[in-house]
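Good morning, everyone, and thank you for making time. Please have the sequence and the model open as I speak, and I will go through it step by step.

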Amino acid sequence: MYALVDGNNFYCSAHRSFDPTLEGKPIIVLSNRDGNVIARSNEAKALGIKMAQPFFETKELREQHDIVVFSSAYELYGDTSARLMSVLTQFAPDVEVYSIDEAFLWIEEYVGLYPTYQDLGAAIREKVDQWLRLPVCVGFGPTKTLAKLANRLAKKTPELNGVCVLDTPEAIEEALWGFPVEDLWGVGSRLASKLKKEGIRTAYQLREVNNEWIRQAMTVNGLRLVHELRGLPCKLLAVSPPAKKTICAAPSFGKLIPDLAIITDALTTHLSRSCEKLRKQDSLCGAITVFLHTDRFRRTPGNGLPAKQYAGSITLVLPHPTNSTTELLKYAESGLKAIFRFGYNYLKVGIMLSDLVPGDYRQKGVFVEGPNEKLIALSSVVDKVNRRYGQDKLRLASQQYNPDWPMKQKYLSKRPTTRWEDILEAK
């Protein structure tokens, strides 16, 4: 039996956990540059604020309803997540951290400590609330897909008190009957539209389709999904998370930038962060993508007409995989120069590392040498120095060329678990 524990409105709840005066107030959390809404409390959702809605569009609602606004505080969220996962290991040693606010637990061998699954779920909710002041919901099912489905029902159905158990064929069938197919784990909007055209609108209808049709229409991944809905586990607990297949960094500037030198500065910083992650999972990358675009919401000052827009991207396949920031930077800069156009005000530059291979991969071509081993070793030394003395203590000369572009965090809250100056005082 699997359990899925999921934090309710996790980013907003993390702020509330250190400030009880926020209880009952509408809260929104903004993206990296305070550009879009990326998290909402239930009160903010009730006001009609949508996910990914541009922040400037919420001005009228904020003035009418005294909505509390926070910039993203990833230090706080990361530390709160680590504490949540630590609490969950009190109930089961095998915990798969699925995302910053979700975790699967394998509880088959430990449920005997509690009279029922409902009691175990209630104990998890009580412990997390007592130790972290975070609201969570718990779903139980014989497969990970059914546990995720149960968790969603626990969130949507107040009568369940945050715990939903699908432990019998009757309970599973009843849950699948009215569950929309587009809300299933692994079913995107395109696939949902395709299924609806075939008359498949609920999870129950999908479960009853024959395997051959599913394989042709949804490939082997769809077949796994249907087997999981039938109670046959196909997705096992992944206690050790697999290495990422791509690494991307693309925060917006916070203001419009027309200058190539400042954009190159931003690109260098994004690349440095991506390469740190690449080396942390001991991988090399074989391709690099650079992309650049303007603000699609911008209006021309004076006449109010939509401003001229531009977006460009380029993917460069490297002659050999590497994780050296210095080596990758020359490709990134050449890509940026290729897609940059003068005369535009840019909102974002981003970089994506792909074709990742293990760190010990080395293959020389007939006309191509392998990666520069000295530069790879140098990058590892830079990482060690920065981990010990602070981020960017050692950095490339082209980084931080202009300090005007860094993150915009006007509504940044205190981070009492990671900063001494923000620690709470008891009076």
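At what angle do H11 and helix H12 pack, and how far apart are their axes? Before I answer, please keep in mind that what we are looking at is a predicted model. H11 and H12, the latter covering residues 325-339, pack at an angle of about 140°, and their axes lie 10 Å apart. An angle over 145 degrees would count as roughly antiparallel, and H11 and H12 are therefore described as oblique to each other. The crossing in which H11 passes H12 is right-handed.

Let us now turn to the residues at this contact. On the H11 side they include Leu260, Ile263, Leu267 and Leu271, and on the H12 side they include Leu328, Leu329, Ala332 and Leu336. Sorted by class, the contact of H11 with H12 has nine nonpolar, four polar and three charged residues.

Is Thr264 buried or exposed? Its relative accessible area is 17%, and because buried means under 20%, Thr264 counts as buried. Leaving aside residues up to four places away in sequence, Thr264 touches Glu333 and Leu336, and both of these partners belong to H12.

Finally, let us step back to the whole chain, for which the domain assignment gives domain 1 (2-165), domain 2 (169-230) and domain 3 (247-389). The centres of domain 1 and domain 2, taken over C-alpha atoms, are separated by 26 Å, and 12 residues of domain 1 are in contact with 11 residues of domain 2.

Key. Residues numbered from 1 in each chain as written. Predicted model: local features only at pLDDT ≥ 70, side-chain atom pairs only at ≥ 80, totals over all residues. Heavy atoms only, no water. Buried < 20%, exposed > 50% of the residue type's maximum accessible area, 1.4 Å probe, protein only. Contact = heavy atoms within 4.5 Å. Axes fitted to C-alpha atoms, helices over the stretch in contact; angles between N-to-C directions. Helix = DSSP H or I, 4+ residues; strand = E, 2+ residues; numbered from the N terminus. Parallel < 35°, antiparallel > 145°, perpendicular 65-115°, else oblique. Left-handed = near helix turned anticlockwise from the far one by under 90°. Nonpolar A, V, L, I, M, F, W, Y, C, P; charged D, E, K, R; others polar. Domains from an automatic or database assignment.
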